[in-house]
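Here is a colleague's note for someone opening this structure for the first time. Please read the points with the view beside you.

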Amino acid sequence: MRKMFYFFITIAISISFVSCKPDNNTKAQVDNHEATVEIDTSMPEPFKNLKSDAGEDQNWSYYRKYKIKYENLPGSLLDLADSDKVNEWINKFENGSRSRDESNVLSFLKEFNINKDQALNWAKNNTDPQSLTEQDIEILYSNDEKLIKKHFVSEYSILVNDKIYTPEWIYTHTIQAYKTEEIPPELIEEKIELYKDIPFSPEALEALEKKLNSYIAMDLKFDKVETSKESSSDINVEIDTSMPEPFGAPFRDQYPQFYQPCNWLLDAISGRLLDLVDKNEYNKWRNSFGVFPEAPTSLMDYLNVFSFIMRFDISDEDFKKVIELENQFYKKRGLMDLYYTDEDIEIILSRDESKIMEHFASEYSIVNNGKIYSPQWIYTHTIKAYEAEKIPPELIEEKMELYKDIPFMQDALKALEKKLNSYIAMDLKFDKVETSGN
């Protein structure tokens, strides 16, 4: 019976509503906020057939604001709540007393007071690779609406200033509407290739490309565009929302080459070091970075030995005593890759962030002008961000073969290679570049 609920939620709700053609005489609605913007009445029908039996699931990418896993409610998740109450909830969507915008995982979790531990346990035991991961659950319970929206927005939609613009909105609105909403042309440009995956009719795709290329050619600049969290250097750089999920499994520890800016000697804080400080203070500091922080470019922006000794003002003497014990332990067990040399210790205690970054940077990371860029940063940011940070294309090119060692999903590796090759082809030149010796 619960499988039928799943079918109803994902098919009956999602499809029955999206099959309706927008009314050209109504105000455009963007992410539940109405705005008087212009409908483009010159555009042809986007699809050849919009009848209810036409297989609208092929067109979901046109209508969706969010990723499928945010809007789908699998039966195993519904089983966390009382069956009768779930029935009543579903009936409200069926009779139209609840909006389809509330048919999503977050709404379900709140409606039935599913606690975080229940949801995490469900995600941990869920084997569907297209469903929610433990990371997704952490974000859903973060109470950070902007983070939730940013994390779950569909790869086909555009997120600007806390509003979501679906391909449907882009298709049905005029260039003047884009300008009114201050949608950066570069964000439109990033989506053009993806829009080709949507099964538009030939005349519809031609009309859309013509309109979008006209807008891109205007080279407009808008202020106050929120595309990402500010970096440690207070420079706004753009998150690349077009990139697919990099991995099939959610556990960060499985992909140290992707996430770790530096090698284990710097990025692993030993228990003996932790014993030097108050546990409650340490936990407060650790939690300040969040569960799944964005890729840092400064050593002070994530947990590592350097940020630890700086935050808790660890003396040289105390640090050396701990490292001496650590080295004895590792040497006895033949773990020489975790052994600190005299040079390693000297560089850490210099407290010179640039010098430490250069020395301990992971072979997969790029060090440039006093900042460090892990594969995670490179993967999640746009070409525009590379330019803003003045990352030399030749440094990107040096890492491409190494990136192939990271177990990306096939579509993720393909998307990354395409982006990096585009940047390398730009043949940019930047001055004052301090590169890593790694």
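1. Start with an aromatic cluster. Its members are Phe 247, Tyr 255, Phe 258, Tyr 259, Tyr 379 and Phe 408. Together these residues form one cluster. Keep in mind that the model is predicted. Across the whole structure, a search finds 31 aromatic pairs.

2. One of those pairs joins Tyr 70 and Phe 152. Their ring centres are 5.0 Å apart. The planes meet at 35°, so this pair is tilted. Tyr 70 belongs to helix 3, residues 68-71. Phe 152 belongs to helix 9, residues 145-152. The pair therefore ties together parts that lie 82 residues apart in sequence.

3. Are the two partners buried or exposed? Tyr 70 has a relative accessible area of 6%, and is buried. Phe 152 is at 0% relative accessibility, and also counts as buried. The cut-off for buried is under 20%.

4. Now look at Trp 169 and Tyr 178. Their ring centres are 6.1 Å apart. The angle between the planes is 35°, so this pair is tilted. Both Trp 169 and Tyr 178 are buried.

5. Two charged side chains deserve a look. Lys 211 lies over the face of Tyr 171, and the distance to the ring centre is 6.0 Å. Arg 311 places its charged end over the ring of Phe 312. Here the distance to the centre is 4.7 Å.

6. Which residues line the second largest cavity? They are Met 400, Tyr 403, Lys 404, Leu 413, Leu 416, Glu 417 and Leu 420. Two elements give two or more residues to this lining: helix 24 (393-403) and helix 25 (410-424). Helix 25 gives the most, with four residues. By class, the lining has five nonpolar residues, two charged and no polar ones.

7. Val 322 is buried, with a relative accessible area of 6%. What does Val 322 touch, not counting residues up to four places away in sequence? The list is Ser 270, Arg 272, Leu 273 and Leu 276. Ser 270 and Val 322 are 52 residues apart in sequence. Their C-alpha atoms are 9.1 Å apart in space.

8. Move on to Asn 263. This residue is in the loop between helix 14 (256-259) and helix 15 (264-267). Its relative accessible area is 28%, so Asn 263 is partly exposed. Neighbours within four places in sequence aside, Asn 263 is in contact with Phe 360, Ala 361 and Ser 362. Ser 365 is 102 residues away from Asn 263 along the chain. The C-alpha atoms of Asn 263 and Ser 365 are separated by 9.7 Å.

9. Check the backbone at two asparagines. Most residues other than glycine have a negative phi. Asn 113 is not a glycine, yet its phi is positive, at about 50°. Asn 113 is in the loop between helix 6 (105-111) and helix 7 (116-125). Its relative accessible area is 67%, so Asn 113 is exposed; the cut-off for exposed is over 50%.

10. Asn 161 lies in the loop between strand 3 (158-160) and strand 4 (163-165). At 26% relative accessibility, Asn 161 counts as partly exposed.

11. Last, the whole protein. How many helices and strands are there in the protein? The counts are 25 helices and six strands. The protein has 438 residues, and buried residues make up 47% of them.

Definitions and conventions:
Residues numbered from 1 in each chain as written. Predicted model: local features only at pLDDT ≥ 70, side-chain atom pairs only at ≥ 80, totals over all residues. Heavy atoms only, no water. Phe/Tyr/Trp six-rings, centres within 6.5 Å; stacked < 30°, edge-to-face > 60°. Buried < 20%, exposed > 50% of the residue type's maximum accessible area, 1.4 Å probe, protein only. Lys NZ or Arg CZ within 6 Å of the ring centre and 35° of its normal. 1 Å grid on protein atoms, 1.4 Å probe; cavity = no way out; pocket = protein on both sides within 12 Å on 5 of 7 lines; lining within 4 Å. Nonpolar A, V, L, I, M, F, W, Y, C, P; charged D, E, K, R; others polar. Contact = heavy atoms within 4.5 Å.
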